[in-house]
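Here are my notes on the model you sent. Please read them with the structure open.

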Amino acid sequence: MRNYATLTIGLSSVSFQQCASNMIRNPAKAALRLRIKARLEAMTPEGRDSQSKAITAKARLEAMIPEGRDSQSKAITAKVLALPEFKAAQRISIYLSTDAEVNTVEILKEMFHQKKEVYVPTYHKNVMEMVKLKDFADYESLPMTSWKIKQPKWSDNRESALDSGGLELILMPGVAFTESCGRCGHGMGYYDKFLARLIEKSGRDNVKLIAVAFKEQLVPDDELPMDATDVRLDAVITA
């Protein structure tokens, strides 16, 4: 495991670390996802936790109060745009957010304004690819999936990041994160499998992995078990 430095932006601490975990898969992740969903469900309009709610399988990220989500998303956007890694990268992938996630639309707009090459996820069965968007009008014209996510059609045959030079920066979603840059996804392994292919092709040192997260998604290290397929992030940006 390599050493890491700490970069402070505003009042938040952002940890940078380049390493991968070799720990075995732990079913505690499923319980952690439920705890984080319940925590997000309890957000107040000001973005603070309200009284704790019962943790059930039906707890959903979509239940977050919009005002709390929006205020944190704006603060996170400002920090991402100020990152030297963002400014330096030309080839960037970014997830297209749902109402339950950190809103990435303003970051996307700025990427096009700065004439960066923008890649977004598209899915087919259990495979995720990062494919190119031409401009913001292209984004706005994307169809909406049944999960209410804008997504390019797999059949569009768009330029793939893996086939055209790789990526310098990936802005990632997730369910839970730690200050030491651990990440718990939604359980389908899309990013894990994509990163394995990217790293095999381009190497780990050639791409920065930065997640954006609500404060309510941060957990202690001992609450987030790392699987053998997990890749530790370079940074987690919060409000």
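1. Helices (H or I, at least four residues) and strands (E, at least two) are DSSP runs, numbered from the N terminus. The expected span of a helix is 1.5 Å times one less than its number of residues. This is a predicted model: local features need pLDDT of at least 70, side-chain atom pairs count only at pLDDT 80 or more, and totals for chains, interfaces and linings use all residues. Residues are numbered from 1 along each chain as its sequence is written, and side-chain values use heavy atoms, with hydrogens and water left out.

2. Helix α2 covers residues 66-82, 17 residues that should span 24 Å at 1.5 Å a residue. Its end C-alpha atoms are 25 Å apart, which agrees. Buried residues in α2 are G68, R69, Q72, S73, I76, T77, K79 and V80. (Buried means under 20% relative accessible area, exposed over 50%, partly exposed in between; 1.4 Å probe, protein chains only.) Seen down the axis, the buried residues of α2 fall within an arc of 165°, so they line one face of the helix. The arc is taken from the directions from the helix axis to the C-beta atoms.

3. Rings of Phe, Tyr and Trp (its six-membered ring) pair if their centres lie within 6.5 Å; planes under 30 degrees apart count as stacked, over 60 as edge-to-face and the rest as tilted. The count by this rule is two aromatic pairs. Y123 and Y190 have ring centres 4.7 Å apart and planes at 65°, so this pair is edge-to-face. Y123 is in strand β4 (residues 117-124) and Y190 in helix α6 (residues 190-202), so the pair ties together parts 67 residues apart in sequence. Y123 is partly exposed, at 27% relative accessibility.

4. The pair F136 and Y139 is tilted, at 5.1 Å centre to centre with 40° between the planes. Both lie in helix α5 (residues 136-140), three residues apart, so about one helical turn separates them. F136 is buried at 19%, and Y139 is buried at 12%. K150 lies over the face of Y139, 5.5 Å from the ring centre. (The rule: NZ of Lys or CZ of Arg within 6 Å of the ring centre and within 35 degrees of the ring normal.)

5. Which strands stand at the edges of the open sheet? The sheet has six strands in the order β5-β4-β3-β6-β9-β10, with mixed pairing. β5 (127-133) and β10 (235-237) are at the edges, each with a single partner strand, so one side of each has no neighbour in the sheet. Two strands pair if DSSP finds at least two bridges between them. Strands β3 (residues 91-94) and β6 (residues 169-172) run parallel, joined by three bridges.
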